[in-house]
Amino acid sequence: SQANFEEDSQKPPAVGHWKPLMPSKGSKEEPETGCHDGGGVDETQSTEQLNVSRLRSSSVEIREKGSEFLKEELHKAQKELKLKDKECERLSKVREQLEQELEELTASLFEEAHKMVREANTKQAASEKQLREARGKIDMLQAEVTALKTLVITSTPSSPNRELHPQLQSPSKAVFRKGHGRNKSTSSAMVSAASQSVTPEPVSPECKEVDSILFAEFQAWKESPTLDKSCSFLNRIYREDVGPCLDFTKQELSELVRVAVEQNTLTIEPVASQTLPVVKVSAEECGGPKKCALSGLPRTCKHRIMLGDSGNYYYISPSCRARITAVCNFFTYIRYIQQGLVRQDVELMYWEVMRLRREMSLAKLGFYPSDM
């Protein structure tokens with residue numbers, strides 16, 4: 001509309017074209033007509049100029065209003081653009097944050113995975129090492145069991161193997177061993193040899209009769225073998241045989257010897273083949289080659305004992321050695337029964353126990369072999 005107004009304003013003012021009037025016949029009106037035309041043209045031009053000025057003023061107003069409207073729209077568009085920019089910036093920051101978190105999470109997962117792999121490899125290496133060690137121990141134990149089978153089969157309390165019982169060897173052939181009936185380190189291995197039976201030597205022919213009370217007590221103990229002396233079977237033997245047999249003049253040392261025999265930590269060795277160690281106790285307590293530490297009597301002592309790992313040696317006479325050896329043989333045999341190494345008739349095992357009890361009684365009374 002503004003363009004139309006501008007076109008109208010640029011056009012030259014229209015000049016009216018007056019059609020010549022047909023004059024009446026015989027009359028002349030041309031001069032009069034000319035005067036009227038001049039006045040009408042001036043009025044028309046002024047009107048048109050007024051209209052043009054109005055159109056121009058209205059066009060300026062419209063232009064100003066349009067300019068203000070466009071400025072407002074531009075301002076709104078700029079505001080919206082700024083908001084869009086802020087939103088884009090915010091979304092960009094969110095994306096960067098998410099990318100960073102995703103990268104950190106990925107790195108953490110990879111680190112955790114590597115850590116788990118390292119731990120798994122470490123555990124696998126440790127397991128393989130334990131497996132190799134276990135196999136080595138198994139091989140060692142199998143070899144030990146094989147050797148013990150031979151020793152156990154050929155050794156009984158009635159006919160002991162002198163290699164297995166060093167306290168029975170002569171001074172020139174004795175070998176130092178730990179324990180009284182067998183080496184302590186072989187106790188667990190002997191359980192694996194439970195299928196092997198230890199056949200005691202038959203007792204020499206003589207008249208004998210089973211005591212019903214003693215046999216019943218032994219049968220009850222055989223059902224659940226134990227080394228607890230509170231059971232009736234062992235309580236009787238402790239009271240009647242073990243206690244009196246290990247009751248020496250030196251009461252304090254006697255008690256230590258009894259505990260060492262029960263715990264299988266007593267060592268007996270010949271004096272001649274060993275260098276005398278430096279002991280911390282007095283010579284009166286330890287005795288000497290010419291004095292027994294247990295009885296306190298002057299006797300020729302061919303052997304000495306050590307209790308556990310104390311390092312203190314005590315010289316003992318042949319009689320005291322026989323008493324200690326008799327008790328050790330008894331404990332060795334009942335340990336064999338407890339570990340399942342003796343697979344004989346209950347009555348035969350009973351008579352073997354009675355024979356060992358008789359040896360303890362004889363040793364207590366002072367009877368012992370000449371080679372002691």
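The model is predicted: local features need pLDDT of at least 70, side-chain atom pairs count only at pLDDT 80 or more, and totals for chains, interfaces and linings use all residues. Residues are numbered from 1 along each chain as its sequence is written, and side-chain values use heavy atoms, with hydrogens and water left out.

**The sheet**

Three strands form an open sheet in the order β1-β2-β3, with antiparallel pairing. Helices (H or I, at least four residues) and strands (E, at least two) are DSSP runs, numbered from the N terminus; two strands pair if DSSP finds at least two bridges between them. The edge strands, each pairing on one side only, are β1 (266-270) and β3 (313-316). Neighbouring strands of the sheet are turned by 30 degrees against each other on average, direction ignored. Axes here are lines fitted to C-alpha atoms, for helices over the stretch in contact, and angles run from 0 to 180 degrees between N-to-C directions.

Strand β2 (residues 303-307) is joined to β1 by five bridges and to β3 by four bridges. Met306 in β2 stands opposite Thr267, and the bridge partner of Met306 in β3 is Tyr313. A hairpin is formed by β2 and β3, with five residues between them; in the turn, Gly308 has a positive phi of about 65 degrees.

**Helices against the sheet**

Helix α6 (residues 251-262) packs on the sheet and touches β1, β2 and β3, its direction making about 75 degrees with that of β2. Contact means heavy atoms within 4.5 Å. Helix α8 (residues 318-338) also lies across β1, β2 and β3, and runs at about 140 degrees to β1. Both faces of β3 are covered: Tyr313 and Tyr315 are buried on one side, Tyr314 and Ile316 on the other. Buried means under 20% relative accessible area, exposed over 50%, and partly exposed in between (1.4 Å probe, protein chains only).

**Salt bridges**

The structure holds 12 salt bridges. A salt bridge is a side-chain nitrogen of Lys or Arg within 4 Å of a carboxyl oxygen of Asp or Glu.

| Pair | N to O distance |
|---|---|
| Arg357 and Glu240 | 2.6 Å |
| Glu269 and Arg304 | 2.9 Å |
| Arg355 and Glu359 | 2.5 Å |

Glu269 counts as buried because its relative accessible area is 1%; the value for Arg304 is 1%, so Arg304 is buried.

Arg357 is buried, at 9% relative accessibility, whereas Glu240 is partly exposed, at 37%. Both residues belong to a network of salt bridges that links Glu217, Arg236, Glu240, Asp241 and Arg357.

Arg355 and Glu359 are separated by about one helical turn because they are four residues apart in helix α9. Arg355 is buried, at 11% relative accessibility, and Glu359 is partly exposed, at 28%.
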